[in-house]
Amino acid sequence: MKQNTRTQWGQVSIALHWTVAALILLVQVPVGLIMVSLSQGTLQNVLFTSHKLIGIVIFLLALFRLGWRLTQPVPSLPADLPGWQATSARVTHALLYILLFWMPLTGFLYTALGGYPVPFFGLGDLGKLVPDNKPAAELFEAMHIYSQFILYAVAALHVAGALHHRFQRQDGVFERMLPPAARPSGGTRVTGEPARYGASRR
Ligand code: HEM
Ligand code: HEM
């Protein structure tokens with residue numbers, strides 16, 4: 001099912017979650033770290049261009065995802081989850097959403113205000129949309145570079161929480177974000193919810 005329900009993420013939410021997670025963890029961050037450690041040359045230029053392009057794609061996916069999130073039901077957390085864990089999960093998710101916009105925005109503003117090009121497919125140089133302003137560019141550069149550590153910390157907390165659900169609580173919260181084909185047989189189970197949630201399948 002494409003849509004979310006009160007107990008399950010729909011295929012659109014699941015696809016967006018894993019596409020964006022993979023783009024950030026496996027592509028954008030490694031490319032960012034490698035490109036700044038290389039000496040100037042063709043490879044560095046290609047990586048810079050890819051980093052800018054993928055960053056804008058992540059921003060557009062985040063916009064679509066937020067729109068989808070706001071117009072869909074959101075699966076509830078297990079009723080027996082301790083209050084502090086439910087609050088941590090909500091705060092962590094909110095911070096991740098903020099970072100999905102903040103990282104591309106600071107990267108874009110740093111680049112564009114610094115007078116560097118921001119090519120985006122056939123749309124030309126998006127950097128021209130913003131006037132040059134070197135002091136402001138330096139500020140956004142520092143924000144972009146230091147914010148990566150906030151991203152690492154929040155993502156690590158998020159993954160730790162997900163693994164806690166998977167191995168400690170075994171309450172089905174981890175499994176409900178997996179594509180249906182990758183779920184263990186027997187479906188997902190969110191304990192502590194009313195009985196009708198017990199064998200929830202889509
Ligand atoms: C989710 C999106 C993004 C993430 C996670 C991300 C992450 C990173 C990381 C980890 C670095 C290496 C920082 C360092 O240690 O020096 C970096 C550098 C950089 N990023 Fe991004 N970035 C994103 C989006 C963007 C966008 C959209 C642009 C521009 C349009 C951009 C432009 C740059 C530039 C120019 C640098 C080099 C900074 C320097 O000169 O040291 N980034 N980014
Ligand atoms: C291996 C890495 C990851 C794992 C195992 C993982 C796991 C999960 C799981 C199980 C949920 C569902 C929680 C629930 O049903 O209540 C979830 C939600 C979420 N994840 Fe991840 N995640 C990972 C990486 C990421 C990354 C890199 C980001 C973004 C930078 C991210 C952003 C989110 C957000 C924003 C939600 C909340 C969804 C919403 O409320 O719309 N995740 N994640």
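A: Let us begin with leucine 16, which is partly exposed because 19 other C-beta atoms lie within 10 Å of its own. On this scale, 20 or more such neighbours within 10 Å make a residue buried and 12 or fewer make it exposed, with partly exposed in between; the C-beta atoms are placed from the backbone. Please keep in mind that this is a predicted model, in which local features need pLDDT of at least 70 and side-chain atom pairs count only at pLDDT 80 or more, while totals for chains, interfaces and linings use all residues. Residues are numbered from 1 along each chain as its sequence is written, and chains are lettered from A and ligands numbered from 1 in the order in which they are written.

Leucine 16 sits in helix α1. Helices here are DSSP runs of H or I with at least four residues, strands are runs of E with at least two, and both are numbered from the N terminus. Setting aside neighbours within four places in sequence, leucine 16 contacts Leu61, Arg65 and Trp68, a contact being two C-beta atoms, placed from the backbone, within 7 Å.

The axes of α1 and α2 come within 10 Å and cross at roughly 155°, which makes α1 roughly antiparallel to α2. These axes are lines fitted to C-alpha atoms, for helices over the stretch in contact, and the angles run from 0 to 180 degrees between N-to-C directions. An angle under 35 degrees counts as roughly parallel, over 145 as roughly antiparallel, 65 to 115 as roughly perpendicular, and the rest as oblique. The crossing of α1 and α2 is left-handed, that is, the near helix is turned anticlockwise from the far one by less than a right angle, whereas clockwise would be right-handed. In the contact of α1 with α2 there are 16 nonpolar, 8 polar and 1 charged residues. In this grouping Ala, Val, Leu, Ile, Met, Phe, Trp, Tyr, Cys and Pro are nonpolar, Asp, Glu, Lys and Arg are charged, and the others, Gly among them, are polar.

Moving on, α2 packs against α3 at an angle of about 145°, with the axes 9 Å apart, and α2 passes α3 in a left-handed crossing. On the α2 side, Lys52, Gly55, Ile56, Ile58, Phe59, Ala62 and Leu66 meet Tyr97, Leu100, Phe101, Pro104, Gly107 and Thr111 in α3. That contact of α2 with α3 divides into 9 nonpolar, 3 polar and 1 charged residues.

The axes of α3 and α4 come within 8 Å and cross at roughly 155°, so α3 and α4 are roughly antiparallel to each other. Here too, α3 passes α4 in a left-handed crossing. The residues of the contact of α3 with α4 are 17 nonpolar, 8 polar and 1 charged. Threonine 106, in helix α3, gives a view of this region: it is buried, since 21 C-beta neighbours lie inside 10 Å. Not counting residues up to four places away in sequence, threonine 106 touches Phe140, Met143, His144 and Ser147.

Now for the ligands. Ligand 1 is surrounded by 23 residues, and the closest are Gly32, Lys52, Gly55, Met103 and Gly107; a residue belongs to such a shell if its C-beta atom, placed from the backbone, lies within 6 Å of the molecule. Helices α1 (11-37), α2 (42-70), α3 (83-113) and α4 (134-169) each supply at least two residues of the shell around ligand 1, which divides into 13 nonpolar, 8 polar and 2 charged residues. Around ligand 2 there are 21 residues, the closest being Ala21, His93, Leu96, Ala162 and Met177. Its largest share, 5 residues, comes from α1, the helix that also holds leucine 16. The shell around ligand 2 has 16 nonpolar, 3 polar and 2 charged residues.

Of its 202 residues, 20% count as buried.
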